[in-house]
Amino acid sequence: MGAKFDVTPEKQASVPRFFYNQITVKAAPVKGVSLAGKTALVTGSNTGVGLETSRQLLDLGLSKLILAVRSEEKGQTAKKNLSAGRDLSDDSIEVWNLDQSDYDSVVTFAERTKSLPRLDIAVLNIGIANATRVFNAKTGHDEMIQVNYLSTALLAILLLPVVKEKSAAQGGPSRITIVSSEVAAWTAFKEKQSFPLLASLDKKNTKVDPLDRMMVSKLLGQFFLSRLASIVPPSVAVINAVSPGSVHDSDFNREHDKTFSGAIAKVAMRRMANTAAVGARMVTDAAVNHGQETHGEFLSFQKLVPLAPIIYSAEGKKISEQLWKETSEELAFAKVEEILKGVSE
């Protein structure tokens, strides 16, 4: 790990370091890449970073784009927005339903991707940041853990046999890019020693800071990325994670923006944070640039950097084992262990 990065995990996790980079680093637009003939899907693509990533992929000549959204109406509006000024056929952009609060929707969406002749790029961008505690009506899980972690993990795994089957026609592996965040390293993760982990995160009679819970959901995603990439060879899919940095014109923090403290933070963010279009440059970069060196790794401000420090620790190894066990059991209905065995052979 040390030879791979020019910064230690602890230094990378520094909050002042993040804000220094946020203020001083201007993400470069992706150029010199042709996506002609290729197909990509972007989840959560009707607004913010997802919408702008979709736009940038089209700017690079992408031939087919799947907008994976919860609202068909908003998806069609996004399609119209993205199509403006382009000479595209009507089927160059398709709107597909995906609701990550519902496992059935995730399974149906993944099954539909089998109909695509190819799937070169999948950007798993969906995420929520609730301002109050919400529990999923079907699973009982904390909704941020459900949407940001569990359903994203399920979708990533379900896409693996699809991209493996299509790799020969594509002439190489697909890219699966998960939108993560530096905040994964900022949580104390007070539930980390309370096994089972998911049950601990679902406790209803405990005081929970919603902002910290969002950070925990991103940390779980980094644990998942590291473990998944150790099982799935990059010849099947290059799987990485990326942060778009702080973005001030996204809907991600829309609930927090309505609170008093959120409104104050919004003023500061307008001075410091990027637009969604600039944040999307980092996501597009992770999805189309680089190579197998990013498999199982995290990109921040267009550089390969360490994951959250806890992931590399002895304690982190135990947490990783426990989380993987619980996640596999949670998603057993989708036969995820069989899928992973099949794609790793």
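Predicted model: local features only at pLDDT ≥ 70, side-chain atom pairs only at ≥ 80, totals over all residues.
**Entry 1**

I started with the second largest cavity, which has a volume of about 60 Å³. Of the 13 residues lining it, I noted Gln 12, Glu 182, Ala 185, Phe 298 and Pro 306 as the closest to its centre. Its lining divides into nine nonpolar, three polar and one charged. For those classes, Ala, Val, Leu, Ile, Met, Phe, Trp, Tyr, Cys and Pro count as nonpolar, Asp, Glu, Lys and Arg as charged, and the others, Gly among them, as polar.

Residues are numbered from 1 along each chain as its sequence is written, and side-chain values use heavy atoms, with hydrogens and water left out.

I wrote down the cavity rule too: on a 1 Å grid over the protein atoms alone, a cavity is a set of points where a 1.4 Å probe fits but cannot get out, and lining residues have an atom within 4 Å of a point. Grid points are joined across faces, edges and corners, and a volume is the space filled by probe spheres set on the points.

How many cavities of 30 Å³ or more are there? I get four. The largest cavity has a volume of about 90 Å³. It is lined by 13 residues, with Asn 148, Ile 178, Val 179, Lys 218 and Gly 221 nearest its centre. Helix H6 (143-170), strand E5 (174-179) and helix H8 (210-231) each give two or more residues to that lining. H8 has the largest share, five residues. I sorted this lining into six nonpolar, six polar and one charged.

**Entry 2: helix pairs**

Helices here are DSSP runs (H or I, at least four residues), as are strands (E, at least two), numbered from the N terminus.

I looked at helix H5 (residues 103-112) against H6: they pack at an angle of about 25°, axes 9 Å apart. Axes are lines fitted to C-alpha atoms, for helices over the stretch in contact, and angles run from 0 to 180 degrees between N-to-C directions.

Next, the axes of helix H3 (residues 48-59) and helix H4 (residues 72-83) come within 10 Å and cross at roughly 40°. That makes H3 oblique to H4.

Notes. Parallel < 35°, antiparallel > 145°, perpendicular 65-115°, else oblique. 1 Å grid on protein atoms, 1.4 Å probe; cavity = no way out; pocket = protein on both sides within 12 Å on 5 of 7 lines; lining within 4 Å.
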